[in-house]
Amino acid sequence: GRSPPDRRKSCRCGWAQEFSRRQILKNRRRREAKSILSSSKNLLPLPFSAARLSAPMETTLILLKPDCITGRKAGEVFKRFEDAGFQIRGCKMFRADAGLLREHYAHIATKPFFPEVEAFISASPVIALALSGENAVERIRELLGPTDSTKAAKGTIRGDFGQTVMKNIAHASDTRENAEIELKRFFKPDEIFD
Ligand code: ADP
């Protein structure tokens, strides 16, 4: 029988055919790569948005301390919280009495600096806030910076407005569990709004 025709041999322009065959393959690979890239453009943000969706909505307790109020920094601090996307759910101004402070600061009640802290916080009114948002507990603590204002980075609330380790502008709950306890300590249920 006859053997199948060898196209390359039969064509005087075999190199041209080979060239165009490679060109077609190259273009196909390019198209495939492009479509993978464009589909991965749609896919890549997914894990990110999934992570955002699963971030817990939390409500946390903030106390704007007397140095914040007398230093007229309350507006600035509210603005930082709101600009970061947090929603005010509760807000009240009052003078913290000794009993409330002993309960709130039970974890430092035996420290030598406690009487000074107690005198400082009860000297003039404070503002309690219930703030909600994704990961509110952790993110508000980050916005505040560390306890000692002199060690807090610029750009943090304590770093920008605080004076000392004691006069550090605001308190914020440090865990979700404490946020729940502290919100109940400072707000009645009907003082927190949806
Ligand atoms: P934080 O408020 O950052 O959670 P702590 O719970 O340890 O910090 O302390 C409660 C508050 O007591 C502080 O915010 C600060 O006002 C005050 N405080 C903490 N440490 C000292 C200290 N060494 N000297 C004076 N006051 C302090």
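Glu 191 is partly exposed, at a relative accessible area of 23%. Here buried means under 20% relative accessible area, exposed over 50%, and partly exposed in between (1.4 Å probe, protein chains only). The model is predicted: local features need pLDDT of at least 70, side-chain atom pairs count only at pLDDT 80 or more, and totals for chains, interfaces and linings use all residues. Residues are numbered from 1 along each chain as its sequence is written, and side-chain values use heavy atoms, without hydrogens and water.

The side chain of Glu 191 meets that of Lys 92 in a salt bridge (2.8 Å, N to O). Glu 191 sits in the segment after α10 and Lys 92 in strand β2, 99 residues apart. Lys 92 is partly exposed too, at 24%. A salt bridge is a side-chain nitrogen of Lys or Arg within 4 Å of a carboxyl oxygen of Asp or Glu. The structure holds seven of these salt bridges.

Arg 102 and Glu 118 form another salt bridge (3.5 Å, N to O). This pair links helix α6 to helix α7, 16 residues apart. Arg 102 is partly exposed, at 45%. Glu 118 is buried, at 15%.

Arg 185 and Glu 103 also pair (2.9 Å, N to O). Arg 185 lies in α10 and Glu 103 in α6, so the bridge ties together parts 82 residues apart in sequence. Helices (H or I, at least four residues) and strands (E, at least two) are DSSP runs, numbered from the N terminus.

## The two sides of α10

Helix α10 spans residues 176-186, and its buried residues are Ala 179, Glu 182, Leu 183 and Phe 186. They fall within an arc of 105 degrees seen down the axis, so they line one face of the helix. The arc is taken from the directions from the helix axis to the C-beta atoms. On the other side, Glu 177, Glu 180 and Lys 184 are exposed.

The buried residues pack against several elements, among them β1 (57-64), β2 (87-94) and α6 (98-104). Contact means heavy atoms within 4.5 Å.

## Linings of the pockets

α10 gives the most to the lining of the largest pocket, with four residues. That lining has nine nonpolar, six polar and eight charged residues. Nonpolar covers Ala, Val, Leu, Ile, Met, Phe, Trp, Tyr, Cys and Pro; charged covers Asp, Glu, Lys and Arg; the others, Gly among them, are polar.

α10 also gives the most to the lining of the second largest pocket, with five residues.
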